[in-house]
Amino acid sequence: MHCPYCKHCDTKVLDSRVADDGGSIRRRRMCQACEKRFTTVEAMQLTVLKRSGTTEPFDRNKAVSGVRKACKGRPVSEDALARLGQEVEHQLRLAGSPEIAAHEVGLAILPPLRALDEVAYLRFASVYRGFESAEDFEAEIAVLRADHALQSAQPDPAVLASRSG
């Protein structure tokens with residue numbers, strides 16, 4: 001690490017801490033030559049392995065851009081899209097691998113998008129999974145309806161807690 005003040009190449013780490021998000025490390029350093037202090041932040045670089053075999057750095061904005069297209073005309077805010085992008089990146093980092101197949105990025109987008117807006121989810125899934133007919137849409141809608149039926153059949157934990165107290 002070169003000193004940003006004098007460009008000397010010998011610096012000493014004084015303190016290291018995991019950043020709030022857990023995805024980076026903050027280091028406090030001191031230059032051995034000029035004795036000035038500075039902070040560095042180290043983050044694990046996620047890379048995406050494309051179908052062509054090339055790799056590129058993961059870009060949260062690129063993932064959100066694809067979701068934004070699926071959400072066009074839907075009541076989904078930019079804040080909600082930003083949270084979705086953050087959640088997707090978090091899930092990918094939890095996988096523990098620095099290299100993720102492009103297909104895995106799409107898989108990580110589907111659950112939070114489904115929770116955010118089902119119409120946008122169907123749009124995204126139709127492109128991502130390559131729906132080719134109305135039957136493909138009908139099958140996915142049937143899964144959504146079955147999940148809704150399961151959720152409505154289960155009692156609300158908050159209601160159960162209020163009854164027992």
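This is a predicted model: local features need pLDDT of at least 70, side-chain atom pairs count only at pLDDT 80 or more; totals for chains, interfaces and linings use all residues.
Local features need pLDDT of at least 70, side-chain atom pairs count only at pLDDT 80 or more, and totals for chains, interfaces and linings use all residues. Residues are numbered from 1 along each chain as its sequence is written, and side-chain values use heavy atoms, without hydrogens and water.

Start with the sheet. Three strands form an open sheet in the order β5-β4-β6, with mixed pairing. Strands (E, at least two residues) and helices (H or I, at least four) are DSSP runs, numbered from the N terminus; two strands pair if DSSP finds at least two bridges between them. β5 (55-57) and β6 (99-101) each have a single partner strand, so one side of each lacks a neighbour in the sheet. β4 (residues 47-49) pairs with β5 in the antiparallel sense over three bridges. In one of these, Val48 is partnered by Glu56 of β5.

Now the helices. The axes of α1 and α2 (lines fitted to C-alpha atoms over the stretch in contact, with angles from 0 to 180 degrees between N-to-C directions) come within 9 Å and cross at roughly 130 degrees. Contact means heavy atoms within 4.5 Å. Residues of α1, including Val64 and Val67, meet α2 residues, among them Leu81 and Leu84.

Beyond its neighbours within four places in sequence, Leu92 is in contact with Leu46, Phe58, Ile100, Glu104, Val105 and Ala108.
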